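Here are my notes after a pass through the model. I start with a pocket and then turn to the salt bridges.

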Amino acid sequence: MSISVDLVKSGDADAVVSAGNTGAAVAAATVKLRLLDGVERAGIVTQLPNEFGVCNVTDTGANPDAKPRHLVGYAVMASILARSVYGKQMPKVGVMSNGSEDEKGTDFTKGTFCLLKHLEERGALPFKFVGNVEGHDLFEHEIDVALTDGFTGNVLLKTCEATAKAFSKWLKEELKANPFRMVGAACASGAFRAMKARLSADSVGGSPLLGVRGVTIIAHGSSTPVAIRNALRVSMEMVQQGVNPLIEEEMARLGTIPEVAEVYPK
């Protein structure tokens, strides 16, 4: 892993794809490659399938103790990824909270909301800010980017993975319960295959670590060859679309992000 990151640092490679330990991959990329200009913290972006394509959730594990200003940076970076790689011309960005009302949430989520609202009123955001979003919104509505801290995002991601596995197991058990169900399952095999492909993490390949110099993709430890192939594809698209230069450009245009206390008086 360290050698791979060194190849990116020296310019002998444009990207690194790692299916190793996430913490080690984040540490190696952050320490060796350093952060892009204007970026305070790197963030992992994970794609969840929804009715409109994918929802980019960030951060999902790089920075558990994030500050609201870090989430503003995540919003800019993930919106550029959504625009450049996933074709969303004006990405819709929301803050993960326990309700869609503006006043809902903790001091952390309220501070993030107020910062983004302040920057939106200044016309400084390169995306459409839609306010607070709830867990079900990630799958049911057109949310292109959902913002949260690395602790909450990681718990969310692992919960979704476990739920999908449990549902698949329970469905198989019920379909095998009697011959009639098995016949019905055989008739619907095409639909089951399509659903499996739609929900499979292999189609995404891995989660980009945004904010570091050089493209870094963090794949799952149990990645299949198909997943690695798609992780390589995403890394190539990020390089070709110039995601990192666009991030530096937008962060420079955004300028200094104010402190929460300046826009969110308690």
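1. Let's begin with the second largest pocket, which has a volume of about 210 Å³. Keep in mind that this is a predicted model. The lining of this pocket takes in 16 residues. Those nearest its centre are Met96, Ser97, Thr109, Thr148 and Thr152.

2. Which elements give two or more residues to that lining? They are strand β4 (92-96) and the helices α4 (107-121) and α6 (150-175). Helix α4 supplies the largest share, at three residues.

3. Now the charges. Side chains of opposite charge can pair when their charged atoms come close. The count here comes to 14 salt bridges. I pick out a few of them below.

4. Arg69 and Glu259 form a salt bridge, with N to O at 3.3 Å. Arg69 belongs to helix α3 (residues 68-84), while Glu259 sits in the loop between α10 (243-254) and α11 (260-263), so this pair ties together parts that are 190 residues apart in sequence. Are the two partners buried or exposed? Arg69 is buried, at 14% relative accessible area, whereas Glu259 is partly exposed, at 45%.

5. Arg253 pairs with Glu250, and their closest N and O atoms are 3.1 Å apart. This one stays inside helix α10: the two residues are three apart, so about one helical turn separates them. Glu250 is buried at 12% relative accessibility, because the cut-off for buried is under 20%. Arg253, with a relative accessible area of 48%, is partly exposed, since exposed begins over 50%.

6. Some of the salt bridges share partners: Lys88, Lys92, Glu142 and Asp144 are joined that way into one network. If you assign charges by hand, here is a set to look at as a group.

7. Lastly, Lys104 and Glu101 meet through their side chains in a salt bridge, with 3.5 Å from N to O.

Definitions and conventions
Residues are numbered from 1 along each chain as its sequence is written. This is a predicted model: local features need pLDDT of at least 70, side-chain atom pairs count only at pLDDT 80 or more; totals for chains, interfaces and linings use all residues. Side-chain values use heavy atoms; hydrogens and water are left out. A salt bridge is a side-chain nitrogen of Lys or Arg within 4 Å of a carboxyl oxygen of Asp or Glu. Helices (H or I, at least four residues) and strands (E, at least two) are DSSP runs, numbered from the N terminus. Buried means under 20% relative accessible area, exposed over 50%, partly exposed in between (1.4 Å probe, protein chains only). On a 1 Å grid over the protein atoms alone, a cavity is a set of points where a 1.4 Å probe fits but cannot get out, and a pocket is an open set with protein on both sides within 12 Å along at least five of seven lines; lining residues have an atom within 4 Å of a point. Grid points are joined across faces, edges and corners, and a volume is the space filled by probe spheres set on the points.
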